Amino acid sequence: MTASPIIAPSILASDFSRLAEEVRAIEGAADWAHVDVMDNHFVPNLTIGLPVVQSLRKATSIPFDVHLMITDPQRWAPAYAEAGAYNVTFHAEACDDPVALAKTLRSAGAKAGLAIDRDTPVEPYLELLPYFDTLLIMTIKAGFGGQAFMPEMLGKVRDVRRRADVNELELRIEVDGGIAADTIEQAAEAGADAFVAGTAVYGAADPAEAIRKLRGLAAARMGLA
């Protein structure tokens with residue numbers, strides 16, 4: 001049975017001066033709130049960290065999909081799980097033992113996700129899929145919002161979808177970068193079922209309606225509408 005599509009608006013595209021309000025604006029429409037944590041080391045940008053996540057967790061009931069674009073995730077990731085994140089995703093490029101960290105995150109009460117950046121081949125990680133709940137494929141270069149979608153990254157999505165289906169894995173395949181009304185169908189057709197959307201949601205006059213439109217487009221391409 002095909003899982004229903006997940007729409008995860010990225011709060012990186014929201015108004016940080018009204019962060020709690022911006023997250024509440026997507027309640028009841030979005031499935032997850034995608035939280036981009038960047039450390040100015042693994043990627044050149046610097047965004048929010050654990051204190052903001054802890055504070056924001058008190059302001060909303062929406063599940064947090066935390067995407068750690070940081071060095072040394074073994075040190076920092078468990079605290080996000082303990083702070084109440086639903087899903088904590090870290091980068092394969094930043095972790096020497098992804099399976100061990102996935103087990104730690106699950107023990108701390110979160111789902112475990114592995115992210116693959118634009119220039120990283122996915123093949124070395126296909127054997128690790130059973131240890132994860134989410135596999136995030138970057139469809140841009142990690143580190144900045146607002147970049148254009150790269151359809152050539154969808155080959156990775158197809159590879160992961162084939163492996164997950166063959167092994168009957170309960171795995172969310174998430175795509176992040178340039179996802180909007182004109183790109184989400186391509187990603188869904190390739191096998192993605194979780195979609196991070198930033199400006200496509202927070203740049204819209206009605207964020208909730210933008211989410212519903214994206215979900216409808218994805219569901220139709222996944223054969224669910």
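Biologist: Among contacts in the protein between residues at least 6 apart in sequence, what percentage joins residues at least 24 apart?
Modeller: This is a predicted model, in which local features need pLDDT of at least 70 and side-chain atom pairs count only at pLDDT 80 or more, while totals for chains, interfaces and linings use all residues. Residues are numbered from 1 along each chain as its sequence is written, and side-chain values use heavy atoms, leaving out hydrogens and water. Contact here means heavy atoms within 4.5 Å. Among contacts between residues at least 6 apart in sequence, the share joining residues at least 24 apart is 64%.

Biologist: How many helices and strands does the protein have?
Modeller: Both are DSSP runs numbered from the N terminus, with at least four residues for helices (H or I) and at least two for strands (E). Counted that way, the protein has eight helices and eight strands.

Biologist: What is the radius of gyration of the protein?
Modeller: It is taken over C-alpha atoms, and the globule rule is 2.2 Å times the number of residues to the power 0.38. For 225 residues the rule gives 17 Å, and the protein comes close to that, so it is as compact as a globular protein of that length. The radius of gyration is 16 Å.

Biologist: Is His-67 buried or exposed?
Modeller: Let's start with its place, which is strand E3 (residues 64-69). Buried means under 20% relative accessible area, exposed over 50%, and partly exposed in between, using a 1.4 Å probe and protein chains only. Because the relative accessibility of His-67 is 0%, this residue counts as buried.

Biologist: And is Gly-145 buried or exposed?
Modeller: Gly-145 lies in the loop between strand E6 (134-138) and helix H5 (154-166). Its relative accessibility is 54%, so Gly-145 counts as exposed.

Biologist: Which residues of E4 point the other way from Asn-87, Thr-89 and His-91?
Modeller: In a regular strand the side chains alternate between the two faces of the sheet. Strand E4 (residues 87-91) is mostly covered, with five of its five residues buried. Pointing the other way from Asn-87, Thr-89 and His-91 are Val-88 and Phe-90.

Biologist: Which residue in E4 is the bridge partner of Leu-68?
Modeller: Two strands pair if DSSP finds at least two bridges between them. E3 and E4 run parallel and are joined by four bridges. The partner of Leu-68 in E4 is Phe-90.

Biologist: In which strand is Asp-36, and what is its relative accessibility?
Modeller: Asp-36 touches residues including His-67 and Asp-176. Its place is in strand E2 (residues 33-38). Asp-36 counts as buried because its relative accessibility is 6%.

Conventions: Lists of a residue's contacts leave out its neighbours within four places in sequence.
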